Every structure is written in C-alpha cells, then in structure tokens.
Amino acid sequence: MRLILVSNRLPVQWDGTPNVGGLATGLSSFLSHWKSQGHEVIWVGWPGKSIPEKEQNLYAKKMLQEHGTIPVFLKQKLADSFYNGFCNKTIWPLFHYFTANCEYSDITFDSYEEANEEFAKTIRSIYQPGDWVWVHDYHLFLLPGILRNEFPNILLSFFLHIPFPTFEIFRLLPERFRTKILKGLLGADLIGFHTQSYTQYFLRSLLRCLGIENERGIIYFQNHLTKTAAFPMGINVEQFSKYANSIECDTIANQINTNHKNLKQILSVDRLDYTKGVLQRLNAFELFLKQNPNWIKRCKLVLVLVPSRTDVSSYQSMKRAIDEKVGAINGSFGTLDWTPILYQYKGFPFEELVPLYKNTHVMLVTPFRDGMNLVAKEFLVSQRNGMLVLSEMAGASAELPEAILVNPNDLSGMANAIRDAIEMDETEILTRNQMMISRLKENSVMDWANKIYLETEETAKRNQNFQTKSISPNSELLLPKTKQPIFILFDYDGTLVPFQSLPHLAVPSKDLITSITKLSQIANVSIAIISGRDRKFLESIFTGLPLHLVAEHGAWHKAPLEPEWTSLFHSHLDWKKEIKTHLDEFTKRVPGSFTEEKEYSLVWHFRNADPDIGLNAAREMLDELSQISSNSGFFIQRGNKIIEVREYGTGKGKAAMKILPNKEWETFAFGDDTTDEDMYRELPETAITVKIGKSETIAKYRFQNTDDVHLWIQNLINYLTKVS
Ligand code: GDG
C-alpha cells in the first residue's frame with residue numbers, strides 16, 4: 001500500500017537538513033518501520049521557503065529522489081500569511097489557551113484556505129485510488145473536507161498534534177472560521193487526538209457550534225461517517241533505549257560530564273515556544289536555589305532551546321526575556337568556579353541528546369500547555385536514574401502519573417518539585433520509572449500509527465456500506481416489480497414532514513396531502529401512516545383520507561375510513577406514573593425541554609433545549625431509566641432529540657405486521673428514526689425499506705431528506721397511472 005503523509009513541514013528543511021520537532025521526529029521512525037514492511041511512502045509538505053518558479057521542477061525531483069518528499073510550493077506572501085499568520089498567530093495560541101496572543105483576521109484566514117487548496121492541488125496530482133492519505137496537524141484542518149469532496153472514497157486519516165481546546169475557547173474563533181474548520185475535519189474517516197479529553201472537547205464543539213451529535217465518538221455528516229478517538233502518540237522506544245545502553249552513548253555522556261562530575265544535572269529541552277513555559281521554569285529554578293542554598297554548587301541546569309519560528313516577533317521578544325533571565329540567575333548565584341545554568345540555544349543531534357538525557361537527575365518538562373510532549377517520554381527510556389517533573393497540562397501526564405506532576409503556574413510548587421526530585425531516593429525513582437517505561441513500551445510510535453491505520457480502514461469499510469445504500473428517489477429499484485397489491489408504510493416526523501421546533505408545527509404541505517390523496521385513490525394501493533404521534537393528532541392531519549392510521553408506535557390502529565380506533569395490544573401501564581415523575585424532573589431541570597404524555601407512552605423532548613445540556617440530560621435519563629426498566633413492563637427508545645418510554649410489546653414492527661393484509665403484497669416502508677428500525681426488521685424479506693437521513697440503519701436504502709420521499713411518491717403515481 002502507498003501512504004501519502006501530509007504535514008505542513010517536511011522532515012527535512014528546504015536545504016535537506018533535518019527538521020526538529022515532535023511531528024518530524026515521531027513520524028520519521030514510524031516511516032522507516034512502515035517502509036521495512038514493504039509499503040511505499042510519500043511525504044507531502046511545504047519546504048519552509050518559497051522556491052522560485054523556474055527552479056521548482058528540479059527542486060521537486062531532487063527532494064523526491066533524496067528524501068522521498070514532494071514539496072507544496074507556496075508563494076512567500078501566501079506562506080507568510082498562512083503560516084506565520086493564521087497558523088501561528090491564531091490557531092496555535094488559541095488551542096494552547098493563550099487567548100491574549102490571538103489575532104483574528106479575515107485576510108490570514110483566506111490565506112489559510114488558499115494554502116489548504118494548494119496542498120489539495122499537490123495531492124490531486126499524485127493520488128491514486130487505494131492510497132492511504134494521512135493528514136497531520138492544525139495547519140491543514142480544511143484539507144480533509146476538500147479531498148473528500150473530490151475523492152468520495154478516499155481512505156483518509158487526520159491527526160492533531162496539539163491540544164483541542166474546550167468549547168468555550170474554541171468558540172472564540174469567528175463563526176466562519178470555526179464552521180469551516182469543523183466541517184473540514186469531518187472529511188476524514190478518522191480524526192485522532194492525543195488524549196480522551198481533547199476528543200471530548202472536539203465532540204462538544206461540534207455539538208455546540210453545529211448541533212452535530214455523535215454516537216460514541218462516531219459522527220454522521222453529509223452522508224459520510226467519521227470516527228474520533230484518542231491515540232496517545234508514543235516514541236521509538238527501541239531506538240532510544242538501544243542507543244542509551246550503547247558504549248558510544250556512555251562515552252559521549254562521560255565526555256559531556258567531565259567538567260561537572262560532582263554536579264547533579266537538571267535538564268530542560270524544548271523548541272523555543274511560549275507554550276513551553278521556559279521563563280516560568282527559570283523562575284522556579286531560581287526560587288529552588290533561594291529556598292535550598294544547600295544545593296548551590298551541587299547542581300546545574302542544562303537549558304537546551306531549539307530555535308523555532310524565529311521570524312515571529314513575539315518569539316524574538318520571548319527569546320530576549322529568557323536570555324536576560326539566564327543572565328540574571330547566573331550573575332547573582334554563579335561564582336568564579338560555578339555557573340548554575342548552562343544555556344544552549346541550538347539543536348543537538350540524536351547522538352548527543354540521548355547522552356544528555358542519560359546524565360540527567362531531574363528532567364523538567366513544565367509546559368503551560370502541550371498536546372503530548374515527546375521529550376518527557378524520550379527521557380524516561382534513556383535515563384539512568386533520573387526523575388521526571390512533568391506539567392499536568394501536558395497530554396503526556398495522562399499516561400505518566402508516576403512522574404512528579406506540577407502546575408506550571410505554581411512557582412513554589414515547581415520549586416518544591418525540583419527539590420523533591422533531586423532528593424528522591426533511588427529505589428523510589430526506579431519503581432516509578434519502571435511503571436512508566438513499561439507503559440511506553442506497550443505503545444510505541446509504531447503501535448500508535450498501526451492503530452490509526454486499522455481504525456481508519458475499519459471506518460472506511462463502514463462508510464462504503466453506508467454509501468452503497470444511498471439511492472435516488474427516481475431509481476427503478478424503488479418501483480413495484482410484480483402485479484401484487486401495494487402496501488406503503490410511512491413514518492410521519494422526519495419522513496413525510498421535516499422536524500420543527502414544536503411538534504404541533506410539523507404539518508404537511510398542501511401538495512403533499514394532494515399527492516397522498518392521489519396515491520391512495522389508485523387501485524390496489526394501501527397506505528399506512530405509522531407514527532409515534534397520538535390518535536388525535538393523526539386524525540386531525542389526515543382526516544377524511546382512506547389511510548390506515550397507526551398511532552403511538554403501534555398502540556392504536558384505525559383502518560381506512562373506519563370511525564373507531566382499536567387497540568393493537570393489551571397493556572397494563574403500571575409503570576407510567578412513576579416514570580412520569582422522573583421525566584418531569586428532567587423537564588424542570590432542562591429549560592426548553594418538555595414531557596409529552598400519550599396513552600401508551602411518555603416522550604421527553606429536548607429539541608429546543610441547549611444542545612449540550614439537552615444531550616447530557618438525555619444520557620443521564622437513559623442511564624437512570626435503564627436501571628429500573630428490567631421486568632417493569634416498559635422499554636426505552638432514543639429517537640431524534642427525544643427519549644420515549646413505551647409499553648413493552650408495542651412497537652412499529654409488530655404493528656406493521658398486524659395491519660399488513662398479506663405477506664405477498666409488495667411492501668414499502670419509509671422511516672427516519674430508531675423506532676422505524678423495528679419495522680424494517682419485522683417486515684417480509686422482500687419489502688423495500690428506506691431510511692431517511694444519516695445514522696446507521698438496517699434498511700435496504702437511504703434517502704437524504706423528506707423531499708426525496710415526496711419525489712418518490714410523485715414518481716410512483718406517474719408510474720402507476722402509466723401502467724394502469
Ligand atoms: C508537537 C506538539 C506533541 C528537541 N530538541 C532536540 C530534538 N528535539 C526533538 C525531541 C522530540 C521533539 O523534538 C519535540 O517534541 P515535543 O513533543 O516535545 O514538542 P513539539 O515539537 O512542540 O511537538 C507536542 C508533538 O507535536 C507530537 O505530536 O507531543 O505536544 O507541540 O522528539 O527529541 N531532537 C534533536 N535535537 C534536539 O536538540 N535531535
């Protein structure tokens with residue numbers, strides 16, 4: 001299989017030197033593994049610099065040959081506005097909760113859209129059906145949507161390397177931006193996040209911003225389903241631990257240490273970024289020295305800062321502030337024979353980074369926010385007897401609770417953590433680290449990527465199944481095939497008429513009533529309206545028409561033009577009073593919701609409630625009711641923004657079979673809801689069953705909306721009048 005990996009930056013810079021950063025490091029080792037299994041990989045990304053047009057062909061050839069990468073060429077002005085602008089001045093600060101650093105600009109968002117289109121253009125030129133396309137990170141939120149539109153069957157994953165913020169933060173984005181971002185992401189088959197919390201925040205934003213619900217992390221949107229889940233990214237454990245245990249690593253570790261043999265090493269390694277909390281870390285180190293003078297001249301802080309986003313002005317000023325702080329600490333605590341901070345503003349090759357980890361007694365990873373943080377993990381598998389001090393705001397903290405967890409805003413807490421770590425008993429460190437390391441071994445970067453692949457493939461299969469059911473209302477497959485009489489069952493809400501904010505507002509148009517009347521007058525055609533509505537409502541809508549009316553999901557039946565309703569089932573209704581008090585409590589608690597009482601059922605509606613509060617309450621209600629439902633004579637059904645509690649033994653399936661005059665008749669059934677699934681299940685195998693809308697179904701076919709049902713009725717009338 002061929003993998004097309006897409007990220008903003010390539011693993012190498014424009015001149016071929018390696019790119020440092022979590023994404024590049026993590027993915028590179030997965031790719032070597034993937035290739036070693038006989039797969040092909042192409043990495044698509046922006047080279048980080050604008051390449052003059054006349055050099056582009058030659059450059060692209062060289063990058064493909066030497067590094068297996070395909071460059072996306074962006075003009076300098078576009079790259080600047082897209083990358084330095086929307087990516088790094090809007091999304092990056094916002095998603096890391098630095099709201100005060102955010103700029104919201106239509107101009108940079110337009111560039112963001114344009115750049116995503118450019119990426120799509122490059123992929124279009126190489127994509128072949130069967131490829132797996134894996135898009136990475138916040139620079140390319142719109143790309144999955146663009147690709148899905150062009151290639152409906154593309155196998156497509158998206159992984160977000162940074163945090164997804166809570167809804168209150170996400171909603172700060174202007175509506176145009178946030179809607180496009182959410183919809184863009186839904187083009188993927190799978191969206192992966194580092195943690196369960198980020199996944200939940202994303203799902204909540206979907207619900208709050210677009211009213212899109214999910215079923216255990218699966219979202220149905222525009223005839224396509226997307227799975228969301230947490231996949232905590234791992235590291236190449238073997239690569240780090242193998243090298244850490246080599247003689248070469250020991251030699252380098254000893255060389256580095258020659259001048260500081262008696263000093264306990266505290267280490268800090270980050271790309272230079274305000275989210276990493278470097279200045280705060282320095283303040284904590286300073287406080288630690290002040291409060292623990294016994295450690296003066298007995299420890300040193302090695303501060304490695306890898307240059308990053310050097311052309312963004314806020315990064316330049318942060319760099320100056322760090323330089324000054326390092327100078328101030330070294331100036332006031334240092335002596336002629338001891339410098340507390342060894343400051344390195346550069347990246348180190350892997351072969352030197354690992355020995356640095358290995359020499360470390362205390363590793364400080366204290367970002368204000370971090371999607372995951374791989375440095376913490378790399379340190380753990382490389383260290384000899386070092387203790388990790390880890391920010392609880394890093395995604396990694398969910399997997400590494402045995403580290404000393406700190407709040408990066410709590411200076412004295414951090415200073416105490418440095419003291420506790422540096423003074424921690426060796427066996428305690430060993431015990432804690434062993435637990436963390438064994439967890440890391442179980443989830444290497446290879447396992448991470450394999451899981452993502454398998455889940456994407458599985459979701460794509462479900463999507464295929466989902467799409468094959470979609471059918472045009474004009475299709476011949478939906479016309480009668482025999483000379484048998486025809487029996488048609490229509491659900492009401494969501495099938496014949498669209499949903500409205502209040503149930504009594506959902507009434508059919510005159511045209512629809514005319515069509516149904518016409519259809520019902522054709523010889524050998526019988527129609528049943530089979531609904532959850534009560535008798536009174538159905539009678540008021542279809543009065544005088546020769547239809548079967550079935551109310552309350554099959555509890556009541558009125559044959560065509562008969563004056564009386566008859567009960568289809570015997571019932572006791574012992575449960576109703578108690579359940580009503582439960583539902584009424586929820587109604588009081590959730591503004592906009594209400595309880596509807598029918599003869600054989602109770603319905604709690606939350607369509608008009610705040611979507612988030614409504615859904616949470618609905619989940620709670622399901623949980624509560626299911627605990628009292630066994631042997632209580634009722635059952636619970638989740639519908640479209642409703643929860644219905646019904647007398648056991650009733651249901652549209654059983655009702656449909658009771659009123660169907662003959663199993664040999666050509667039967668058609670249309671419905672949109674979970675209550676209609678009973679019908680599809682119970683009707684004869686030969687019945688044509690059609691689901692309206694998106695969620696999963698056992699019906700044979702799917703229509704998009706109620707308009708399709710109207711078209712089908714029209715089509716059938718035309719057909720039947722022609723053949724008769
Ligand atoms: C983003 C998210 C998420 C650093 N200095 C050197 C060096 N590095 C390598 C480390 C590590 C990587 O860079 C840094 O990864 P992080 O995960 O710590 O952070 P980001 O770059 O911000 O990455 C982050 C990550 O994506 C993955 O999803 O964890 O939350 O922000 O691998 O080893 N490598 C070398 N020399 C250095 O001096 N060779």
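Q: Why are α9 and α13 called roughly perpendicular to each other?
A: Angles of 65 to 115 degrees count as roughly perpendicular, under 35 as roughly parallel, over 145 as roughly antiparallel and the rest as oblique. α9 and α13 pack at an angle of about 75 degrees, with their axes 10 Å apart. The two helices are therefore roughly perpendicular. Axes here are lines fitted to C-alpha atoms, for helices over the stretch in contact, and angles run from 0 to 180 degrees between N-to-C directions. The model is predicted: local features need pLDDT of at least 70, side-chain atom pairs count only at pLDDT 80 or more, and totals for chains, interfaces and linings use all residues. Residues are numbered from 1 along each chain as its sequence is written, and side-chain values use heavy atoms, with hydrogens and water left out.

Q: What makes the residues of α9 and α13 meet?
A: Contact means heavy atoms within 4.5 Å. On the α9 side, Gln 239, Phe 240, Tyr 243 and Ala 244 take part; on the α13 side, Phe 350, Glu 351, Val 354, Pro 355, Tyr 357 and Lys 358. By class, this contact has 7 nonpolar, 1 polar and 2 charged residues. Ala, Val, Leu, Ile, Met, Phe, Trp, Tyr, Cys and Pro count as nonpolar, Asp, Glu, Lys and Arg as charged, and the others, Gly among them, as polar.

Q: Which residues of α13 are called buried?
A: Buried means under 20% relative accessible area, exposed over 50%, and partly exposed in between (1.4 Å probe, protein chains only). In α13 (residues 350–358), Leu 353, Val 354, Pro 355, Leu 356, Tyr 357 and Lys 358 are buried. They pack against α9 (237–244), α10 (247–257), β9 (264–271), β10 (299–306), β12 (360–365) and α14.

Q: Why are α14 and α16 called roughly perpendicular?
A: The axes of α14 (residues 374–382) and α16 (residues 426–442) come within 10 Å and cross at roughly 115 degrees. These helices are therefore roughly perpendicular to each other. Lys 377, Leu 380 and Val 381 in α14 meet Asn 433, Met 436, Ile 437 and Leu 440 in α16. That contact of α14 with α16 has 5 nonpolar, 1 polar and 1 charged residues.

Q: What is the handedness of the crossing of α14 and α16?
A: A crossing is left-handed if the near helix is turned anticlockwise from the far one by less than a right angle, and right-handed if clockwise. The crossing of α14 and α16 is left-handed.

Q: Why does Glu 552 count as buried?
A: Its relative accessibility is 2%, so Glu 552 counts as buried. Glu 552 lies in the loop between β17 (548–551) and β18 (556–558). Its phi is positive, about 50 degrees, although Glu 552 is not a glycine.

Q: Why does Asn 524 count as exposed?
A: Asn 524 has 52% relative accessibility, and therefore counts as exposed. Asn 524 sits in the loop between α18 (510–521) and β16 (525–530). Asn 524 also has a positive phi, of about 65 degrees, although it is not a glycine.

Q: Why is Pro 52 called partly exposed?
A: Pro 52 has a relative accessible area of 36%, so it is partly exposed. Pro 52 is in the loop between β2 (40–46) and α2 (56–67).

Key
Helices (H or I, at least four residues) and strands (E, at least two) are DSSP runs, numbered from the N terminus.
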